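Here is a quick tour for anyone meeting this structure for the first time. Have a look at the sequence and the model, then read on.

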Amino acid sequence: MSVIRQEDLIQSIADAFQFISYYHPKDFVQALARAYEREASPAARDALAQILVNSRMCAQGHRPICQDTGIAVVFLKIGMDLRWEADMSLQAMVDEGVRRAYTHPDNPLRASVLDDPAGARRNTRDNTPAVVHTEMVPGDRLEVICAAKGGGSENKAKLAMLNPSDSIVDWVLQTVPGLGAGWCPPGILGLGIGGTPEKAMLLAKESLMAPVDIHELRERGPANRVEELRLELYDKVNALGIGAQGVGGLTTVVDVKILDYPTHAASLPVALIPNCAATRHVHFELDGSGPADLVPPALEDWPALDYDPAEGRRVDLDRVTPEEVATWKPGEVLLLSGRLLTGRDAAHKRLVQMLDRGEPLPVDLRNRFIYYVGPVDPVGDEVMGPAGPTTSTRMDKFTRRMLQDTGLLGMVGKAERGPEAVAAIRDHGAVYLTAVGGAAYLVSKAIRSARVLAFEDLGMEAVYEFEVRDMPVTVAVDSQGTSVHETGPREWRMRIQRGIPS
């Protein structure tokens, strides 16, 4: 009979969340490398290169792959014959492990979990509590899966109660384009089919924990309807042409995972949850002999790539004018240097409230650019920790007010903008630029200094001023309102349909 000691579980959880903050699973790296090799879209290929270079840098530097270090999700399969040597509850042990991981002095992870979600939304400061799923199974071992799920992909989760005669494939193909690019493709789609609504959602989440094996499945051939469905959806979702970061290309998903469960005769629950380009999970087992021994991947597992953005147009943020912005073309790569402001949901809300009250703003936004980011705290000699973009659509409702009442000239974020934001950008001759989601550590290397200008109490959501040098971005919505997140996928969907490239 195994005896699982309290400290062994706590330390294993802590080690696991540190581990997955800077190591992609090897199978996922290999899948991204295959996607990079076959990608024909220059914009998507550039995004994949940044994601892969960032991934290798994080493995070497032991710093987070993404600034959104996720909400902690833990699956536990508890052997019915094991015994505990513990005085804490299971939830408390997991939470203590998460607390240690997210407050580690050598690699602090961003605390994103908020208490009182329908009220004050106070940051718990240590990313607890974790979301814990348990199952009692035969045996005397403890099987553990730790996953860090970022908000951009979690926010795209969908559930449908289909009629039994409805097509699951049709529903997925109608749903995926509506997810936009906020989930940072390319990634993995997880589907849960059957059971009850909450069971389907859990199945979808759990399916994402399996290794990427779609290529092996294609080689050996499907053995059942679920495997047939995986292959069909993999091909048809990629044929949508959405591509890396939603700018159009050949690879939107590197795998499709499905778990199913018997359901009521009148029901067909189908849940869909995506995993982003910062896919992070690790599996281990405790048998009473001590904490988990997590084996790092070898650096040889990453492709030997460098990222040199020298081809982009250089932009001086301290001297840029509306006239210069009007010359920027959709899809053009820019290299930003100079002073760049930051601000996301909470900061925008406060700024608009101050405008409503007629109060002066704490920072002059005229002809400035604002970066939608919630960075990780720096360590050692870093100016700033990983600082990749957050999903920009959350700021859409503030965009027109910010442009018309502050003189803001442009915004930097990730994924598409909605129709109201695109219209506001067009009406004010502004511009929207994107940085690559999933390349946070790479982006942070462009930051040469950082200081808080306003709302320090908001922590990672405070308004900073970054001094950047050659920060690579892409023109996603130009001053005329043309969006590459509309034109790119449309072009590549047509090219795929025509077999160009095959």
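## Salt bridges

A salt bridge here means that a side-chain nitrogen of Lys or Arg sits within 4 Å of a carboxyl oxygen of Asp or Glu. Counted by that rule, there are 41 salt bridges in what is, keep in mind, a predicted model.

Take one of them: the side chains of Arg230 and Asp213 meet with 2.6 Å from N to O. Arg230 belongs to helix α9 (residues 225-238), while Asp213 is in the loop between α7 (197-207) and α8 (214-220), so this pair ties together parts that are 17 residues apart in sequence.

## The overall build

Let's step back to the whole chain. The protein chain has 15 helices and 19 strands. Its radius of gyration is 23 Å, close to the 23 Å that the globule rule gives for 502 residues, so the chain is as compact as a globular protein of that length. If you boxed up the C-alpha atoms along the principal axes, you'd need a box of roughly 70 × 55 × 45 Å.

How much area do domain 1 and domain 2 bury between them? The figure is about 2,400 Å², with 59% of it on carbon and sulfur atoms. On the domain 1 side, Gln50, Arg63 and Gln67 lose the most area to domain 2, and together they make up 27% of what that side buries. In terms of residues, 30 from domain 1 are in contact with 33 from domain 2.

What about polar links? Between domain 1 and domain 2 there are 14 residue pairs in polar contact, with both residues at pLDDT 80 or more.

Arg63 pairs up with Glu382 in a salt bridge whose closest N and O atoms are 2.7 Å apart. Arg63 is also one of the residues of domain 1 that lose the most area to domain 2.

Most residues other than glycine have a negative phi, and most peptide bonds are trans. Against that background, which residues are joined by a cis peptide bond with omega of about 0°? They are Thr128 and Pro129, and Pro129 lies in the loop between β5 (122-123) and β6 (131-137). The loop between β5 and β6 also holds Asn127, which has a positive phi of about 65° although it is not a glycine.

Another cis peptide bond joins Pro185 and Pro186, this time with omega of about 5°. To find Pro186, go to the loop between α6 (168-175) and β9 (187-194).

Technical notes:
Residues numbered from 1 in each chain as written. Heavy atoms only, no water. Contact = heavy atoms within 4.5 Å. Buried area = accessible area lost by both parts, 1.4 Å probe. Polar contact = N/O pair within 3.5 Å; in protein donor to acceptor, adjacent residues only side chain to side chain. Helix = DSSP H or I, 4+ residues; strand = E, 2+ residues; numbered from the N terminus. Rg over C-alpha atoms; globule rule 2.2 N^0.38 Å.
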